[in-house]
Amino acid sequence: MAALRRKFGEDYQVVNTNRASTFSAPVKKKRQRFVEKNGRCNVQHGNLGGETSRYLSDLFTTLVDLKWRWNLLIFILTYTIAWLVMASMWWIIAYIRGDLNHRNDGSYTPCVANVYNFPSAFLFFIETEATIGYGYRYITEKCPEGIILFLFQSLLGSIVDAFLIGCMFIKMSQPKKRAETLMFSQDAVISQRDGKLCLMFRVGNLRNSHMVSAQIRCKLIKSRQTPEGEFLPLDQCELDVGFGTGADQLFLVSPLTICHEINTKSPFFDLSQRSLMNEQFEIVVILEGIVETTGMTCQARTSYTEDEVLWGHRFLPVMSLEEGFFRVDYSQFHSTFEVPTPPHSVKEHEEKNSLPSPMSTPTPALTESHDARRDRVFSVDCINISEDRSRPGGAGGRLPSKLQRMSSSGKEDLQRKVLLLSSQHSEKACSTGDLPLKIQRLSSSPGPEPESRLQLKSLKVGFEPMTQSTGDLYQHSLHPSLSPAPVPLYSPLLSAGRRPEDNLPAKLRKMNR
């Protein structure tokens with residue numbers, strides 16, 4: 001015990017899987033099993049009616065499926081009846097020919113020499129059938145009916161021998177006894193493996209001869225009712241034990257732990273430690289393989305009821321490394337020990353993880369503020385680029401020198417104002433080429449610098465509920481009929497085909513002339 005605790009930790013405790021001391025659940029009344037622990041199916045067929053004739057149509061299989069005591073009885077009775085019938089036929093021939101009355105007559109030639117009563121006829125048949133041939137009793141050439149009966153006896157004897165001896169040979173060579181050396185754990189356990197809740201049980205092979213192409217399958221036997229109201233007694237459901245990954249193909253040279261992962265596709269998805277006490281089901285395990293020595297297919301079966309499923313347990317290791325080989329300790333084959341396991345089901349665990357955390361959930365106001373702030377970011381350099389493009393002959397080639405100086409001095413103030421206004425949350429802005437609404441309001445307010453007021457007025461755009469890009473403004477200018485309400489607007493980017501002085505007020509156009 002001390003070595004096990006050093007190996008697995010102080011929290012682990014080895015328990016005995018005896019029903020009297022391990023499980024503290026309420027004692028339930030023993031219910032009927034569908035498959036016994038030894039693999040025998042607890043099903044009987046009754047009220048066959050006229051279907052019993054089907055057994056006679058496959059007489060050989062019927063004899064093989066019978067129990068040994070019935071096979072031995074049929075074997076003995078068949079040979080005894082056949083011997084008595086054939087001996088009687090030899091005695092009848094001797095009686096009809098009158099051979100029984102010429103026992104001591106040396107001049108008389110009987111059908112069968114030295115057959116004068118029924119015991120002598122029976123001995124003649126046995127010597128002929130077993131090909132013993134002592135030489136004292138034999139058929140003479142004066143008896144053609146004896147020759148015909150001898151041929152019939154040879155054919156019938158061969159058929160009976162082939163049928164009965166073949167039936168006994170097949171029954172003796174059945175690999176049912178090979179399944180006795182295939183072990184299953186007494187209980188199944190539920191615990192975590194690789195961070196996932198799994199149903200596990202253990203299988204082992206006691207013989208050194210291998211099981212070729214060993215494969216394992218699991219069935220869940222549970223009654224249920226469909227949404228349409230149909231009741232399905234003992235409904236069978238497949239349990240995945242690695243069919244998709246190939247884990248169901250076993251290399252059974254040492255005890256293996258078979259694992260069924262409990263996930264959304266598993267019928268145990270909503271099974272918890274508390275609900276396990278109230279469930280009623282049976283897990284049938286089927287292990288199939290080819291016997292290496294005989295080449296015949298062998299099948300071993302067992303089952304686990306809900307009382308034989310231990311929650312929060314794990315199997316004790318049985319493999320150890322010795323000097324030059326691995327040793328399997330089968331005395332610990334059925335032993336388990338407790339491990340920390342969540343008592344809730346996988347469904348409850350997923351629902352708990354899917355609930356949003358109040359600290360990590362963003363509020364709608366912050367989300368909208370972040371999206372609005374991202375939409376309001378634009379570059380003020382586009383104003384400079386658009387001004388340069390709107391001047392075909394240069395930046396200030398057509399404007400007076402005084403206006404050029406005023407424009408260059410007010411450009412920096414304009415950029416600072418635009419950046420300040422873009423950081424506010426209550427404004428909506430356009431993409432490249434458009435300005436916020438506040439700049440439009442500033443264009444009509446009086447200021448100390450006339451050139452700055454002039455430039456703001458020239459960049460004024462029409463107000464719309466949603467933001468617009470330069471491409472949208474260009475489309476409105478090209479297709480005025482598609483717009484519901486044409487708005488007069490001016491953009492430096494759209495004035496490349498016109499003269500810049502055409503967009504100036506009348507007083508400034510006179511000064512420029």
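Here are some notes on the structure above, which is a predicted model.

1. Let's begin with the nonpolar core. The largest one has 35 residues. Within this core, the residues with the most contacts are Ile190, Phe201, Val203, Ile216, Phe268, Ile283 and Val285. Two or more residues each come from strands E2 (182–184), E3 (188–193), E4 (196–205), E5 (211–225), E9 (282–291), E10 (297–305) and E11 (309–311). Strand E5 gives the largest share, five residues.

2. Next, the salt bridges, of which the structure holds 10. One of them joins Glu261 to Lys196, with 3.6 Å between the closest N and O atoms. Glu261 belongs to strand E8 and Lys196 to strand E4, so this pair ties together parts of the chain 65 residues apart in sequence. Glu261 is partly exposed, because its relative accessible area is 31%. Lys196 is also partly exposed, at 43%.

3. Strands E5 and E6 are worth a look in your viewer. Lys219 forms a salt bridge with Glu238, and the closest N and O atoms are 2.7 Å apart. Lys219 sits in strand E5 and Glu238 in strand E6 (residues 231–239), so the bridge links distant parts of the chain, 19 residues apart. Lys219 has a relative accessible area of 22% and is therefore partly exposed. Glu238 is partly exposed too, with a value of 41%.

4. Arg224 forms a salt bridge with Asp235, the closest N and O atoms being 2.8 Å apart. Since Arg224 lies in strand E5 and Asp235 in strand E6, the pair ties together parts that are 11 residues apart in sequence. Arg224 counts as partly exposed at 40% relative accessibility, and Asp235 counts as partly exposed at 22%.

5. If you like charge networks, select Arg33, Lys37 and Glu308: a network of salt bridges links these three residues.

6. Which residues gather in a patch of negative charge on the surface? They are Asp270, Glu348, Glu350 and Glu351. Asp270 is in the loop between strand E8 (256–261) and helix H7 (273–276).

7. Two residues have backbone angles to check. Most residues other than glycine have a negative phi. Thr131, however, has a positive phi, near 50°. This threonine lies in the loop between helix H5 (118–129) and helix H6 (144–172). At 68% relative accessibility, Thr131 counts as exposed.

8. The other residue is Leu234, whose phi is positive as well, near 55°. Where is Leu234 found? Leu234 is in strand E6, the strand that also holds Asp235. With a relative accessible area of 45%, Leu234 is partly exposed.

9. Finally, here is a contact across the sequence. Gln299 and Lys176 are 123 residues apart in sequence, yet their C-alpha atoms are 7.5 Å apart in space. Gln299 itself counts as partly exposed, because its relative accessibility is 33%.

Key:
Residues numbered from 1 in each chain as written. Predicted model: local features only at pLDDT ≥ 70, side-chain atom pairs only at ≥ 80, totals over all residues. Heavy atoms only, no water. Patch = residues over 30% accessible without salt bridge, like charges linked within 9 Å, V, L, I, M, F, W, Y side chains within 5 Å. Areas by Shrake-Rupley, 256 points an atom, 1.4 Å probe, with all protein chains shown as cover. Salt bridge = Lys/Arg side-chain N within 4 Å of Asp/Glu carboxyl O. Lys, Arg positive; Asp, Glu negative; His and termini not counted. Charge placed at Lys NZ, Arg CZ, Asp CG, Glu CD. Helix = DSSP H or I, 4+ residues; strand = E, 2+ residues; numbered from the N terminus. Core = buried A, V, L, I, M, F, W, Y, C linked by side-chain atoms within 4.5 Å. Buried < 20%, exposed > 50% of the residue type's maximum accessible area, 1.4 Å probe, protein only.
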